[in-house]
Each structure stands twice: as structure tokens, then as C-alpha cells.
Amino acid sequence: MDKKYQVFVSSTYQDLIEERQKVIEALISKNCFPVGMEYFPAASEEQFAVIKKLIDRCDYYILILGGRYGSIEPKTGKSYTQLEYEYALNKNIPVAAFYHKNIGDLPSSKVENTNEGKEKYGEFKRLVQNNLCKSWGEAYELAFNVNVTLDYMFENYPRTGWVKADEISSAEANKELITLRKENDLLKSKIRALSSQVPEGTEEYQQGNDKFTIRYGSIWGHLKGWDNIDDEYEEKEYKSEFSWNHIFLSIATTLLQPVSEQTIESTLEKQLFGENYYINKEDFQTILIQLMALKLITSDTIKYEGVGTFWTITEYGKKLMVKLLALKK
């Protein structure tokens, strides 16, 4: 039978939204059903009772530990995140934890600022490091580690899991699968919604109608300089000013499918200057970095006869592209 597993994702919430999103995407790519705090962003005793029932139904448990200890449960003095972790251990649910390798790199808003908070966080981290765990620094690294660890857990800690409805006869089990599928669809829609929001922190960067001056040259002039080695020749450099919206829209549709950096460069040259011009390499790299900082484009790696990098537009980038290009009534 083709099994699918239900995985509980535990963490503090507001400071780890992007990281949770990447982990949930990794789980979905593994055909797992992610369950977690998206339904309960504000912890309370009543909600924790519901969460324990959800953990009971899960096959595996994943903890993401950033720099925050989390909301405190009054009776125990422990955070709800730690209580979830300890509950999963006590229930003998296979647990994997992923802790941030250097919380000193995190902004102050994402770490504990009191001595008591730091002490509780340290105690919790030491508990985590006594069990199956890995460190991470960036969201993509966290997702990769989760992916690898899941394969290890599936092989070494087999669980009952879930199977397709046509492979079981129990009407109750069929109903449970339908419920889980709905939860999975809901999580996917939440991921899309989060990805299309204006990314936090981008307001400090140049964007929109802000102007950027691009240096470029003529390909014919460049070739002429090499063909006439005996002649004195000075290659001419041109400059043109474009808004960041203009620059982004010149390559946006090309990025609807994964493309190489060279494809982006040639598309940018053709759209902004024409067939016979080339863009200054330094300015091109600045453009890539700026569009990444604005969360409009993103890069990833793919293995095919080696390792290569490809680029795509983000969900937020798609939203901005539609806003700027779609015809209005």
C-alpha cells in the first residue's frame, strides 16, 4: 500500500512563519499531511487540549526551534511549544527537532530578551539536543534537513500511516482520509496566501517607481574593438535609467518557468536595450540581488548531470506582475 503520514509541526509562530511554510511545503512534497499551529496561532490551555488530541493522531512530530521560547503555560511555567514536544516524547511518537545554529544572527525581535527567557530557552535547547535533531541557518536549509530526516524516520521508525480510500474497506477510515485531504488543501491555500503578501522588511529597499541607472554597451562596438587590434579603439559605455517596476516586468513572464541566469540576462538586454546591446555585469548582478531582496524572484538548485541553479518568480512576484499588467475595466 502507498502510505501517507500525518506530521505535526511545532514551533513558535510569528517569528517562524517563513520557516514553517518551507517545512510544510517539504511535507506536502513527501505526500504527508501537515498539522500544526496555523489553526491556533495564540496558545491557551483550552487550545492545548485540542492540540494534544491532534498530536495523538499524528505519525511523526517535528519541532522547529528558532530564537524564541514561546508563550508560557501558567501552571507549569513551560512554553506551550516545550509542552507539545514533551507530550510527543511521552506518547512515543517519533520526534525530530531542528534548532537554529546561531541565534546571534537573528534580529532582536526573534530572540528572547530577558534573562528568564534566555535561561528557559537554553534548558529547552539542551533537552532537544539529547534526542534526534539537526541544526539549520536559513529556511531553505531547514526544509532540506526536514526532507532528509523524514526519509530516515520513514525507514527506521515505521508507522501505521494512511492509505488510499480504494485500498481500505472501513467507512470510518474513509471519512478520516477525506477530513485530512481537506486539511491538506486548506494548508496549501494558506501557503499561497502567505507567499503573495507583501514581504516583511522589503520597505527599506528601492522598489516600484524608484529609478536605477543601468550601464550597457554595443555588441558591435565590442566586436569591432577585437577585430581592429592595430587601431586605437575605445569602447563606448551608455547609461539609461529605469524604474524597478519596469526592470522587473521586463523579465517577469520569462520567470513563470524555471530559467537560467543567462536567460534572464539576455531577456533583460533584449527588452531594455534591443538585440545588439549587452548589460554591464556588475549592474546585472545588482538587479538580481535587488529583485531577490524585494522577494520578487528566487533561486534554487537542481541536480542534472551535476548541480545547476535556476530562477523563478515568487508568488508575491506573480501578484505584483498581475497588478501592474492586467487590464482593468
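Strand β4 (residues 95-100) and strand β5 (residues 133-136) pair in the parallel sense over 4 bridges, where two strands count as paired if DSSP finds at least two bridges between them. Helices (H or I, at least four residues) and strands (E, at least two) are DSSP runs, numbered from the N terminus. This is a predicted model, in which local features need pLDDT of at least 70 and side-chain atom pairs count only at pLDDT 80 or more, while totals for chains, interfaces and linings use all residues. Residues are numbered from 1 along each chain as its sequence is written, and side-chain values use heavy atoms, with hydrogens and water left out.

An open sheet of 5 strands has the order β2-β1-β3-β4-β5, with parallel pairing. Its edge strands are β2 and β5, each of which pairs on one side only. Neighbouring strands of this sheet are turned by 25° against each other on average, direction ignored. Axes here are lines fitted to C-alpha atoms, for helices over the stretch in contact, and angles run from 0 to 180 degrees between N-to-C directions.

Helix α3 packs on the sheet, touching β1 (6-10), β3 and β4, and its direction makes about 150° with that of β3; contact means heavy atoms within 4.5 Å. Glu86 is found in this helix, α3. With a relative accessible area of 18%, Glu86 is buried, on a scale where buried means under 20% relative accessible area, exposed over 50% and partly exposed in between (1.4 Å probe, protein chains only). Leaving aside residues up to four places away in sequence, Glu86 touches Lys78 and Leu127.

Most residues other than glycine have a negative phi. Asn31, although not a glycine, has a positive phi of about 60°; Asn31 lies in the loop between α1 (17-29) and β2 (33-36) and, at 45% relative accessibility, counts as partly exposed. Asn92 also is not a glycine and has a positive phi of about 60°. Asn92 lies in the loop between α3 and β4, and at 64% relative accessibility Asn92 counts as exposed.

The aromatic residues come next. The structure holds 15 aromatic pairs; rings of Phe, Tyr and Trp (its six-membered ring) pair if their centres lie within 6.5 Å, and planes under 30 degrees apart count as stacked, over 60 as edge-to-face and the rest as tilted. Tyr69 and Phe124 form an edge-to-face pair, at 6.1 Å centre to centre and with 80° between the planes. This pair links distant parts of the chain, with Tyr69 in the loop between β3 (60-65) and α3 (80-90) and Phe124 in helix α4 (residues 115-128), 55 residues apart. Both Tyr69 and Phe124 are buried. The rings of Tyr238 and Tyr277 have their centres 6.2 Å apart and their planes at 85°, so this pair too is edge-to-face. Tyr238 in strand β7 (residues 237-243) and Tyr277 in strand β8 (residues 277-279) are 39 residues apart, and their pair links distant parts of the chain. Tyr238 is partly exposed, with a relative accessible area of 28%, and Tyr277 is partly exposed at 30%. Ring pairs also link Phe8, Tyr61, Tyr69, Tyr85 and Phe124 into a cluster.

The last topic is the nonpolar core, defined as a set of buried Ala, Val, Leu, Ile, Met, Phe, Trp, Tyr and Cys residues joined through side-chain atoms within 4.5 Å. Of the 28 residues in the largest such core, Ile214 and Ile287 touch the most other members. The elements that give two or more residues to this core are β6 (211-218), α8 (244-252), α9 (261-272), α10 (281-293), β10 (307-313) and α11 (315-325), and the largest share, 5 residues, comes from α8. Residues up to four places away in sequence not counted, Ile287 touches Phe212, Ile214, Trp244, Ile247, Leu268 and Ile279. A second, separate core of 20 residues includes Phe8, Ile55, Ala88 and Val95.
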